[in-house]
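Work through the exercises below with the sequence and the 3D view at hand. Each task is followed by a solution in steps.

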Amino acid sequence: MQSFAIVTGIAASLPASNVDTDVIMPKQFLKGVDRSGLRDGVFHDLRFGTSKADFVLNRNPWREARFLVVGPNFGCGSSREHAVWGLGQFGIRALIGTSFAGIFFDNCAHNGLLAITLEPDQIETLTAVVSNPASAELTIDLPNQTITAPSGLRIAFDIESGRKESLVLGLDAVGTTLQAREAIKQFERGYLRENPWLA
Amino acid sequence: MALARTLYDKLVDSHTVRHLDADGRRVLLYIDRTVLNEYTSPQAFTALREAGRPAWRPGASLGTVDHVNPTASHRVAAMPDAGAARQAEYFAENCRDFGIELFDVLHPLQGIEHVVMPEIGLVLPGMVIAAGDSHTTTYGAFGTLGFGIGTSDIEHYLATQTLVYKRLKSMRVTVDGDLAPGVRAKDVVMALIRRIGASGATGYAIEFAGSAISSLSVEGRMTICNMAVEAGARGALVAPDQRVFEYIKGRPRAPKGRLWDQAVAAWRLLESDADAVFDQEVVLPASDIEPMVTWGTSPDQAAPISMKVPDPVLETNPDRRRDMERALAYMGLAPGMPLDTIVIDRAFIGSCTNARIEDLRDAAAVVRGRHVASGVRAMVVPGSSTVKRQAEAEGLDRVFLDAGFEWRQSGCSMCLAMNDDVLGVGERCASSTNRNFEGRQGAGGRTHLMSPAMVAAAAIAGRLTDTRRAVEGE
């Protein structure tokens, strides 16, 4: 997994609520058996539809966005991890919002995409800052848990320590868990003995 | 003395292999079982192949093809679409190589994963089931913790039989009293989502309680738990009761004989302690609930059928007002329009939310002896091949066909339109599914969610209508 330390880049604002994974990655891009080819799928109907000229990711400087400042409940709906793979292939490294849907939030963590949760007033501030093309660049420092801008803006954020560690180190989650192989086997033996109808 | 625990706490505790942090919020959670589909699993299998890892417990997984297959009335193994064909083929290869049982499209038990699992008796109280589909919450109807996961976590599950899991907060939703005649389980959950919002339960596991919930059939409870994810819940539970045990008993994969007795004795203990404290309590009086429909593009943009399309001007929250304006523009609706004047082009009865036998019986009772309005294309897609056979044995297929509905093969179909069942641009559909997102049923398609009986009534009337009036013959 790609690790995340300090990343500087353009941030784009996508303020709508409840942006679902059908919108992030429409169904016609779900027909693969690998993770590739999803760059064009990201926000497909918004990027290539009738009002494409207005869509933030089609405008400068945001077409080079590395971060998205998003509305509440971002990533709701379908579990499709294709949404996260596509965002990564588009070049998005972090999402900043007030809340993320649960499955999507976990999918981000498994793919080196940093999802940062902030308070509504902080999101309002960031939205105003990055909506100005002259001040759209941010730096996210995960080890120090800060978002900064050349203007002097500095926002600290919280992240669960386990998530932070695996993002910073780019850990292989399966490999890490398999180090506990014996503990799992032992648990399983006891569990199936107590619940023999499941064995 | 031990602290009082919720049913959710008990399920997490009984499946905790080890704590991964000091306060026990992050745990390594043992997963009893999964069900796999052809579109969210391939990359998980590829990752196992690349790392040379076997499936930890292949017998605890089941595969069923459901998302991409066509539902045309004559079933063939071939997929018309090259991508779907490749997914079905690779799925078969993966299930074979990793020792996992597969229900392919021609299998007599094929169907939508969340319909198949309970109907063959693979969902049992007290289990934890994680699967690569958000509607895995359905299994909560059995007192089973079910939740959706992404493909990386499918890989993690297959390789280790566990997941790294963060404990959720708990919410109890109490629905006491009697539902009015004609009000269904779907209306209960739609009323809840409208009340708490599309992220009202994000970060929570819900426990449904109250006399209106215990009065519901197990299939009705499945509908409610299924759609709890549309409020953001990643787990929805109903404490299992005698009705659940009877529903499971005798199903092909359910425990038998002495093991059955032993299992039921354990299942009877599955409930929240009387003095358990929930992080949030929501009370929804049953008598307040009316037949519901959605008018917007998020499941919380819903209202009783007797109401009008809301006016964004009256919304004081600017973000919500902007979302409403966008939704109404997409849906092609004007504020103030009575909901029961909205004219439809399509009617769809299907999905893991509402395509079980009781749903089909309920919808058939509305259409019996009537005919679909001219200009409306109406479809029934049974939730599984088993449901389809059962409905045919009861003559329900004839009822639908005589009324002008198409009677099709099972699959996810137009719930998410990954196959060739798709809405055209601007087409408006009354749908018994779970998501009214922009483009969900086809780019530019307009979805109104409602119960199967309400879809049936809309198909007959040619517009959204109160099923209670439709049955009375207006």
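Helices (H or I, at least four residues) and strands (E, at least two) are DSSP runs, numbered from the N terminus. This is a predicted model: local features need pLDDT of at least 70, side-chain atom pairs count only at pLDDT 80 or more, and totals for chains, interfaces and linings use all residues. Residues are numbered from 1 along each chain as its sequence is written, and chains are lettered from A and ligands numbered from 1 in the order in which they are written.

**Exercise 1.** Describe the build of chain B.

Step 1. Chain B contains 16 helices and 19 strands.

Step 2. Buried residues (20 or more other C-beta atoms within 10 Å of their own, with C-beta atoms placed from the backbone) make up 59% of the 474 residues of chain B.

**Exercise 2.** Locate the largest nonpolar core.

Step 1. A nonpolar core is a set of buried Ala, Val, Leu, Ile, Met, Phe, Trp, Tyr and Cys residues joined through C-beta atoms within 7 Å. The largest one has 213 residues, and B:Ala228 and B:Val455 have the most contacts inside it.

Step 2. Helix H15 (residues 452-461) of chain B supplies the largest share of this core, nine residues.

Step 3. Domain 1 (7-281) and domain 2 (294-472) of chain B, with bounds from an automatic or database domain assignment, both give residues to this core, so it lies between them.

Conventions: Buried ≥ 20, exposed ≤ 12 C-beta atoms within 10 Å, placed from the backbone.
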